[in-house]
Amino acid sequence: MAKHLDIEKIRNDFPILKRRIHKQTLAYLDNAATTQKPQAVIDAVSDFYSNHYANVHRSVSTLAMEATEAFESARKNVAAFVNARPEEVIFTRNTTESINLAAYAWGNAHVRAGDAIVITEMDHHSNLVPWQQLALRKKAELHYISVENGELDGDFEFPENTKLFAFPHASNVLSTLNDVRSWAKKAKIEAPNATVLVDGAAGAPHFQLDLAKSGADFCAFSGHKMLAPMGSGVLWGKKTILDAMPPFLYGGSMISKVEQHQSTWADVPAKFEAGTPNVADAVGLSAAINYLKKTGLAKIHAHELALARQAQEELEAIPGVTTYGPPSNAKNRTGIVSFNVAGVHAHDVGSILDSDAVAIRSGHHCAQVLMGRLQVAATARASFYLYNTEDEVERLVAGVKKVKKIFGS
Amino acid sequence: MTNAMYREQILEHYKHPLNQGTLEKPDARHHDLNPLCGDEIEVFLKIENKKEKNGKGKRDESGKTKPNDAGNAIIADIKFTSQGCAISTAAASLLTESVKGKTLDEVKALTRDDVFALLGVPVSAARVKCALLSLKAIKSAAYAYLGEKLDEKRD
């Protein structure tokens, strides 16, 4: 795989990978929770604060113009990366805020009693709770597409009264990759009034999105899972839909004209960006996208797929280890491997791995409905990204063997 | 170091916890969970009035202790069911065993350090909540029995 990516060079770009934890080099295998930041992103944020900082869209000063230019350039860069129009890109804090924006502004205006909302058992809480609560507010039906053998049930039939279908591009637990275009198409054929939202949190860091051709109406993703700073998130929506949507948050920046007893709204995307935005982290997101483009998403995906396959096969070879999700050689997957060791709680697996400076996630992964479906309380999860190595996979596997030894299982 | 947490005693209590199970008609029970990790515990308490020096118990008709001296009532038996890691299960095993025969006032006075002392291993910061889940559940049950509410900041 080194023939695809120069891992040594990439690792040098990430200062934190030199961190020592318990006197050992950090093996960071928790990329599905959040990713580390390359120096280029840290520098971009620092440069904005050091050299171009002012409030945006307001003053006529040179600095304010530079700040506005940096913010709007970031928007253009994000839009180009996911094949969307800049005015369709709304900056938020994260995926959760993006989905709440859609659930409140679009959902409150469009979903009525008796309508159906369709989500999936694969969704993490950020794409589940906002819709569950919208359904409760509106007395709408809430339907789940079930998960069978790690995949969404392809035989699911959308109720004709489906108003909203929200689903994940990729599972943050199972690594399953869903075909956005075919699911969006299926939903709209079976339920012509359905609006489709894709939760891109676990997909955007790994795959080239083509939102204009995706068949979806909304897509939400977080910057922090794709090398960008925490606090940078995106809601993409089709312009016609955004234009017709009422605002979510009211206040400065989102208005056109304010009178004593009434106001009119700015055009999109400003209509949905009330108050001073998080400009520096949008600039950081733009730098992260440049880094991903330079490195090549397809190469990154091939690399993480190879590592996940190696990890899954070696873990499955250990007696008592169960993995969840698609088979190791599946192509429609991301670089996530979820597993459990018989008789050992995932937390204990996580703690023992941490003692060897191997950082994974253990718990319910903000996906308690899916945990219920898998009939487990928690799983351990290793998730790989562009800077991970075969050696780190070996440290993971050795750590799991150590878990078995300590627990005598 | 993390691995110091996994001493033989902890693993033994994890694999073979004391007081695991339920009590029929408990005098107090409490279900608690750690939302960060999904660990769950439910405790069941059998509470009896402390015997007077002459050896006679003081109970009302229902067999329950009168509220005014309820703080002196003792935990006659305790069971728990849980779904959790080695640290939380071992803590529940050790703590349930140690509160048997204690008065509710003594249970109310238990602190996190008492649990750490029972465990006898260094508990890493990330696992403190696991270690203390059973303490919170047992104290909540005791407080509820007394008609009081656990103040997490204070307790």
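In this predicted model, Cys366(A) has 19 C-beta neighbours inside 10 Å and therefore counts as partly exposed, since a residue is called buried only when 20 or more other C-beta atoms lie within that distance. Cys366(A) is located in the loop that runs between strand S18 (361-363) and helix H11 (368-374) of chain A. Its phi is positive, about 50°, although Cys366(A) is not a glycine. Most residues other than glycine have a negative phi, and most peptide bonds are trans.

A positive phi in a residue other than glycine also occurs at Ala357(A), where the value is near 65°. Ala357(A) sits in the loop between H10 and strand S17 (358-359) of chain A. Pro269(A) belongs to the loop between strand S14 (263-265) and H8 of chain A.

Chain A contains an open sheet of seven strands, arranged in the order S4-S12-S11-S10-S9-S5-S6, with mixed pairing. Strand S4 (89-92) and strand S6 (141-145) of chain A lie at the edges; each has a single partner strand, so one side of each has no neighbour in the sheet. From one strand to the next, the twist averages 20°. Strands of a sheet pair through backbone hydrogen bonds, either parallel or antiparallel. The antiparallel sense is found between strand S11 (residues 218-222) and strand S12 (residues 233-237) of chain A, which pair over five bridges. Within this pair, Phe218(A) has Gly237(A) in S12(A) as its bridge partner. Helix H6 (residues 180-190) of chain A packs on the sheet and touches strand S9 (162-168) and strand S10 (195-199) of chain A. The direction of H6 makes about 155° with that of S10(A).

Helix H2 (residues 39-52) of chain A has 14 residues. At 1.5 Å a residue, H2 should span 20 Å, and its end C-alpha atoms are 19 Å apart, so the two values agree. The buried residues in H2(A) are Val41(A), Ala44(A), Val45(A), Phe48(A) and His52(A). These buried residues pack against two helices of chain A, namely helix H3 (62-81) and helix H8 (279-295). The loop holding Pro269(A) lies between strand S14 and this helix H8.

Chain A and chain B are in contact through 15 residues from chain A and 15 residues from chain B. On the side of chain A that touches chain B, helix H10 (346-354) and helix H12 (390-407) of chain A each supply at least two residues. The largest share of that side, five residues, comes from H10(A). By class, the side of chain A that touches chain B consists of five nonpolar, eight polar and two charged residues.

The secondary structure of chain B comprises five helices and three strands. Along the sequence, these elements follow the pattern α-β-β-β-α-α-α-α. Chain B has 155 residues, of which 37% count as buried. Among the contacts in chain B between residues at least 6 apart in sequence, 73% join residues at least 24 apart.

Conventions. Residues are numbered from 1 along each chain as its sequence is written. Chains are lettered from A and ligands numbered from 1 in the order in which they are written. This is a predicted model: local features need pLDDT of at least 70, side-chain atom pairs count only at pLDDT 80 or more; totals for chains, interfaces and linings use all residues. Helices (H or I, at least four residues) and strands (E, at least two) are DSSP runs, numbered from the N terminus. The expected span of a helix is 1.5 Å times one less than its number of residues. A residue is buried if 20 or more other C-beta atoms lie within 10 Å of its own, exposed if 12 or fewer, and partly exposed in between; C-beta atoms are placed from the backbone. Two residues are in contact if their C-beta atoms, placed from the backbone, lie within 7 Å. Ala, Val, Leu, Ile, Met, Phe, Trp, Tyr, Cys and Pro count as nonpolar, Asp, Glu, Lys and Arg as charged, and the others, Gly among them, as polar. Two strands pair if DSSP finds at least two bridges between them. Axes are lines fitted to C-alpha atoms, for helices over the stretch in contact, and angles run from 0 to 180 degrees between N-to-C directions.
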